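Hi,

Here is the structure I promised to pass on to you.

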Amino acid sequence: MKCGRGALVVLEGVDRAGKTTQCKELVRELQRSGRAAEMMRFPDRTTMIGQLISSYLEKKSDLEDHTVHLLFSANRWELVPEMKQKLEKGISLVVDRYAFSGVAFTSAKPGFGLEWCKSPDVGLPKPDLVMFLQLPPSVAAARGEFGTERYETSVFQQAVQSKFDQLMEDPTVNWQVIDAARSVEEVHKDIKQFAMNTINAVEKQPIGDLWK
Ligand code: TMP
(Lines give C-alpha, C1' and ligand atoms only; values in the text may rest on other atoms or scores of the structure.)
Protein backbone atom coordinates (compact mmCIF):
# COMPACT_ATOMS: atom_id res chain seq x y z
CA MET A 1 0.00 0.00 0.00
CA LYS A 2 1.20 3.52 -0.84
CA CYS A 3 2.33 5.32 2.33
CA GLY A 4 0.30 8.31 3.48
CA ARG A 5 1.11 11.98 3.25
CA GLY A 6 3.16 13.96 5.74
CA ALA A 7 1.61 16.43 8.17
CA LEU A 8 1.98 20.20 8.03
CA VAL A 9 2.80 21.30 11.56
CA VAL A 10 3.31 24.98 12.39
CA LEU A 11 4.78 26.63 15.47
CA GLU A 12 3.73 30.19 16.19
CA GLY A 13 4.22 32.52 19.12
CA VAL A 14 5.68 35.85 20.16
CA ASP A 15 9.43 36.42 20.09
CA ARG A 16 11.58 34.44 22.56
CA ALA A 17 8.89 31.80 23.07
CA GLY A 18 11.39 29.17 21.86
CA LYS A 19 9.84 28.37 18.46
CA THR A 20 13.08 27.72 16.61
CA THR A 21 14.56 25.50 19.35
CA GLN A 22 11.33 23.51 19.54
CA CYS A 23 11.05 23.11 15.76
CA LYS A 24 14.58 21.69 15.61
CA GLU A 25 13.94 19.37 18.57
CA LEU A 26 10.72 18.10 17.03
CA VAL A 27 12.32 17.35 13.65
CA ARG A 28 15.18 15.53 15.41
CA GLU A 29 12.73 13.50 17.48
CA LEU A 30 10.53 12.59 14.50
CA GLN A 31 13.58 11.48 12.53
CA ARG A 32 14.85 9.46 15.51
CA SER A 33 11.54 7.65 15.61
CA GLY A 34 11.85 6.74 11.93
CA ARG A 35 9.51 9.34 10.44
CA ALA A 36 10.45 11.53 7.50
CA ALA A 37 10.45 15.14 8.69
CA GLU A 38 12.01 18.44 7.66
CA MET A 39 12.05 21.94 9.09
CA MET A 40 11.10 25.09 7.20
CA ARG A 41 10.89 28.68 8.35
CA PHE A 42 9.13 31.83 7.24
CA PRO A 43 10.32 34.23 6.16
CA ASP A 44 12.65 32.05 4.09
CA ARG A 45 15.40 34.62 3.66
CA THR A 46 17.29 32.58 1.03
CA THR A 47 15.05 33.41 -1.96
CA MET A 48 15.07 36.72 -3.88
CA ILE A 49 11.83 37.78 -2.19
CA GLY A 50 13.26 36.60 1.14
CA GLN A 51 16.28 38.83 0.66
CA LEU A 52 14.05 41.89 0.19
CA ILE A 53 12.23 40.95 3.41
CA SER A 54 15.46 40.34 5.28
CA SER A 55 16.87 43.70 4.32
CA TYR A 56 13.62 45.34 5.50
CA LEU A 57 13.71 43.48 8.84
CA GLU A 58 17.34 44.44 9.37
CA LYS A 59 16.31 48.07 8.70
CA LYS A 60 18.71 48.27 5.75
CA SER A 61 15.79 49.25 3.53
CA ASP A 62 12.30 50.67 3.93
CA LEU A 63 9.22 49.24 2.29
CA GLU A 64 5.64 50.45 2.28
CA ASP A 65 3.54 48.44 4.80
CA HIS A 66 1.10 46.85 2.30
CA THR A 67 4.00 45.98 0.03
CA VAL A 68 5.98 44.17 2.69
CA HIS A 69 2.87 42.28 3.79
CA LEU A 70 2.39 41.02 0.23
CA LEU A 71 6.06 40.08 -0.01
CA PHE A 72 5.81 37.94 3.15
CA SER A 73 2.81 36.20 1.58
CA ALA A 74 4.58 35.80 -1.79
CA ASN A 75 7.49 34.23 0.09
CA ARG A 76 5.10 31.54 1.33
CA TRP A 77 3.44 31.02 -2.05
CA GLU A 78 6.77 30.60 -3.83
CA LEU A 79 7.49 27.60 -1.61
CA VAL A 80 4.06 25.96 -1.97
CA PRO A 81 5.01 23.61 -4.86
CA GLU A 82 7.98 22.30 -2.83
CA MET A 83 5.87 21.97 0.32
CA LYS A 84 3.13 20.01 -1.47
CA GLN A 85 5.65 17.75 -3.14
CA LYS A 86 7.24 16.90 0.19
CA LEU A 87 3.94 16.36 1.99
CA GLU A 88 2.74 14.08 -0.78
CA LYS A 89 5.98 12.08 -0.55
CA GLY A 90 5.19 11.42 3.10
CA ILE A 91 7.55 14.00 4.60
CA SER A 92 6.11 15.92 7.54
CA LEU A 93 7.00 19.61 7.60
CA VAL A 94 7.68 21.43 10.84
CA VAL A 95 7.34 25.14 10.09
CA ASP A 96 8.69 28.02 12.16
CA ARG A 97 6.02 30.77 11.59
CA TYR A 98 3.42 30.83 8.81
CA ALA A 99 0.52 32.98 7.63
CA PHE A 100 -0.60 33.59 11.24
CA SER A 101 2.57 35.60 11.93
CA GLY A 102 1.92 37.39 8.66
CA VAL A 103 -1.54 38.49 9.76
CA ALA A 104 -0.66 39.16 13.41
CA PHE A 105 2.34 41.38 12.65
CA THR A 106 0.77 43.47 9.88
CA SER A 107 -2.61 43.86 11.58
CA ALA A 108 -0.78 45.14 14.68
CA LYS A 109 0.11 48.19 12.57
CA PRO A 110 -2.40 51.06 12.47
CA GLY A 111 -4.95 50.96 9.65
CA PHE A 112 -4.78 47.22 8.88
CA GLY A 113 -7.80 44.96 9.37
CA LEU A 114 -7.58 41.22 9.95
CA GLU A 115 -9.57 40.36 6.81
CA TRP A 116 -7.39 42.38 4.43
CA CYS A 117 -4.29 40.86 6.01
CA LYS A 118 -5.61 37.31 5.64
CA SER A 119 -6.66 37.60 2.00
CA PRO A 120 -3.33 37.04 0.18
CA ASP A 121 -2.75 33.84 2.20
CA VAL A 122 -6.21 32.36 1.55
CA GLY A 123 -5.75 28.97 -0.11
CA LEU A 124 -2.23 28.20 1.14
CA PRO A 125 -1.74 24.59 2.28
CA LYS A 126 -3.67 24.44 5.53
CA PRO A 127 -1.64 23.39 8.57
CA ASP A 128 -2.90 20.20 10.18
CA LEU A 129 -1.81 21.57 13.54
CA VAL A 130 -0.76 25.03 14.77
CA MET A 131 0.91 25.09 18.16
CA PHE A 132 0.99 28.53 19.76
CA LEU A 133 3.84 28.86 22.24
CA GLN A 134 2.35 31.09 24.90
CA LEU A 135 4.70 33.16 27.04
CA PRO A 136 3.68 35.90 29.52
CA PRO A 137 5.43 39.22 28.73
CA SER A 138 7.20 39.15 32.13
CA VAL A 139 8.77 35.75 31.37
CA ALA A 140 9.71 36.89 27.86
CA ALA A 141 11.41 39.96 29.32
CA ALA A 142 13.38 37.78 31.75
CA ARG A 143 14.77 35.84 28.77
CA GLY A 144 16.85 38.86 27.76
CA GLU A 145 16.87 41.97 25.67
CA PHE A 146 15.16 42.21 22.30
CA GLY A 147 17.36 42.19 19.22
CA THR A 148 17.73 45.09 16.85
CA GLU A 149 15.43 43.97 14.04
CA ARG A 150 12.23 45.76 13.13
CA TYR A 151 9.21 44.76 15.32
CA GLU A 152 11.43 43.79 18.29
CA THR A 153 9.90 46.11 20.89
CA SER A 154 7.68 45.08 23.79
CA VAL A 155 4.87 47.50 22.85
CA PHE A 156 4.62 46.08 19.33
CA GLN A 157 4.92 42.47 20.55
CA GLN A 158 1.96 43.03 22.89
CA ALA A 159 -0.13 44.30 19.99
CA VAL A 160 0.94 41.22 18.01
CA GLN A 161 -0.09 38.94 20.90
CA SER A 162 -3.59 40.41 20.96
CA LYS A 163 -3.91 39.80 17.19
CA PHE A 164 -2.81 36.19 17.70
CA ASP A 165 -5.54 35.94 20.38
CA GLN A 166 -8.12 37.00 17.78
CA LEU A 167 -6.77 34.52 15.21
CA MET A 168 -6.95 31.71 17.78
CA GLU A 169 -10.72 32.21 18.06
CA ASP A 170 -11.04 30.70 14.57
CA PRO A 171 -12.36 27.14 14.99
CA THR A 172 -11.49 26.17 11.39
CA VAL A 173 -7.81 26.05 12.40
CA ASN A 174 -6.49 23.28 14.67
CA TRP A 175 -4.87 25.47 17.35
CA GLN A 176 -3.15 24.07 20.42
CA VAL A 177 -1.85 26.50 23.01
CA ILE A 178 1.38 25.34 24.65
CA ASP A 179 2.66 26.81 27.90
CA ALA A 180 6.15 27.89 26.83
CA ALA A 181 7.19 29.19 30.26
CA ARG A 182 8.36 25.69 31.23
CA SER A 183 11.69 23.96 30.53
CA VAL A 184 12.68 23.12 26.93
CA GLU A 185 12.22 19.40 27.73
CA GLU A 186 8.73 19.80 29.20
CA VAL A 187 7.56 21.94 26.29
CA HIS A 188 9.09 19.46 23.82
CA LYS A 189 7.21 16.55 25.41
CA ASP A 190 3.83 18.22 24.77
CA ILE A 191 4.76 19.33 21.26
CA LYS A 192 5.95 15.85 20.35
CA GLN A 193 2.70 14.30 21.56
CA PHE A 194 0.46 16.69 19.61
CA ALA A 195 2.62 16.32 16.49
CA MET A 196 2.70 12.51 16.61
CA ASN A 197 -1.08 12.32 17.06
CA THR A 198 -1.59 14.66 14.12
CA ILE A 199 0.85 12.83 11.84
CA ASN A 200 -1.01 9.57 12.49
CA ALA A 201 -4.45 11.16 12.07
CA VAL A 202 -3.94 12.96 8.74
CA GLU A 203 -2.03 10.27 6.80
CA LYS A 204 -4.98 9.44 4.57
CA GLN A 205 -6.59 12.89 4.47
CA PRO A 206 -6.19 15.42 1.66
CA ILE A 207 -4.24 18.63 2.32
CA GLY A 208 -6.70 21.41 3.13
CA ASP A 209 -6.86 25.04 1.95
CA LEU A 210 -6.22 27.71 4.57
CA TRP A 211 -9.08 30.14 5.39
CA LYS A 212 -11.26 28.85 2.53
P1 TMP B 1 12.34 35.55 12.54
O2 TMP B 1 13.09 35.28 11.26
O3 TMP B 1 13.23 35.89 13.69
O4 TMP B 1 11.32 34.55 12.86
O5 TMP B 1 11.63 36.96 12.34
C6 TMP B 1 10.90 37.34 11.29
C7 TMP B 1 10.17 38.61 11.65
O8 TMP B 1 9.21 38.88 10.64
C9 TMP B 1 9.39 38.54 12.96
O10 TMP B 1 9.45 39.79 13.61
C11 TMP B 1 7.98 38.27 12.51
C12 TMP B 1 7.89 38.95 11.19
N13 TMP B 1 6.97 38.35 10.21
C14 TMP B 1 6.03 39.16 9.58
O15 TMP B 1 5.93 40.35 9.85
N16 TMP B 1 5.22 38.60 8.63
C17 TMP B 1 5.30 37.28 8.28
O18 TMP B 1 4.55 36.81 7.40
C19 TMP B 1 6.29 36.45 8.96
C20 TMP B 1 6.41 35.00 8.59
C21 TMP B 1 7.09 37.04 9.91
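Let me begin with helix H2 (residues 48-57) and helix H3 (residues 65-77), whose axes come within 9 Å and cross at roughly 140° in this predicted model. The crossing of H2 past H3 is left-handed. On the H2 side, the residues that meet H3 are Ile-49, Gly-50, Leu-52, Ile-53 and Tyr-56, and their partners in H3 are Val-68, Leu-71, Phe-72, Ala-74 and Asn-75. By class, this contact of H2 with H3 holds eight nonpolar and two polar residues, with no charged ones.

H3 also packs on H5. The axes of H3 and H5 come within 10 Å and cross at roughly 175°, which makes H3 roughly antiparallel to H5. Here Asp-65, His-69, Phe-72, Ser-73 and Arg-76 of H3 meet Ala-99, Gly-102 and Thr-106 of H5. The contact of H3 with H5 has two nonpolar, four polar and two charged residues.

How many of the residues of H5 are buried? Nine of the nine are, so H5 is largely enclosed by the rest of the structure. A residue counts as buried if 20 or more other C-beta atoms lie within 10 Å of its own, and the residues of H5 that count as buried are Ala-99, Phe-100, Ser-101, Gly-102, Val-103, Ala-104, Phe-105, Thr-106 and Ser-107. The cover over these buried residues of H5 includes strand S1 (8-13), H3, helix H6 (114-118), strand S4 (129-134) and H8.

- Phe-42 and Pro-43 are joined by a cis peptide bond, with omega at about 0°. Pro-43 sits in the loop between strand S2 (37-41) and H2.
- Arg-97 is not a glycine, yet its phi is positive, at about 75°. Its place is the loop between strand S3 (92-96) and H5. Arg-97 counts as buried because it has 22 C-beta neighbours inside 10 Å.
- Tyr-151 is another residue other than glycine with a positive phi, near 80°. The loop between helix H7 (137-142) and helix H8 (154-167) holds Tyr-151. With 15 C-beta neighbours inside 10 Å, Tyr-151 counts as partly exposed.

Another helix pair to look at is helix H1 (residues 19-32) with helix H9 (residues 184-202), which pack at an angle of about 55° with their axes 10 Å apart. That angle makes H1 oblique to H9, and the crossing of H1 and H9 is right-handed. In H1, the residues that meet H9 are Thr-21, Gln-22, Glu-25, Leu-26 and Glu-29, while H9 brings Val-184, Val-187, His-188, Ile-191, Lys-192 and Ala-195. The contact of H1 with H9 divides into five nonpolar, three polar and three charged residues.

Finally, a word on Lys-84, which is found in helix H4 (residues 80-88). Is Lys-84 buried or partly exposed? It has 14 C-beta neighbours inside 10 Å, so it counts as partly exposed. Leaving aside residues up to four places away in sequence, Lys-84 touches Pro-125 and Ile-207. Lys-84 and Gly-111 are 27 residues apart along the chain, and their C-alpha atoms are separated by 34 Å.

Happy viewing, and do write back with any questions.

Best wishes

Notes. Residues numbered from 1 in each chain as written. Predicted model: local features only at pLDDT ≥ 70, side-chain atom pairs only at ≥ 80, totals over all residues. Axes fitted to C-alpha atoms, helices over the stretch in contact; angles between N-to-C directions. Helix = DSSP H or I, 4+ residues; strand = E, 2+ residues; numbered from the N terminus. Left-handed = near helix turned anticlockwise from the far one by under 90°. Contact = placed C-beta atoms within 7 Å. Nonpolar A, V, L, I, M, F, W, Y, C, P; charged D, E, K, R; others polar. Parallel < 35°, antiparallel > 145°, perpendicular 65-115°, else oblique. Buried ≥ 20, exposed ≤ 12 C-beta atoms within 10 Å, placed from the backbone.
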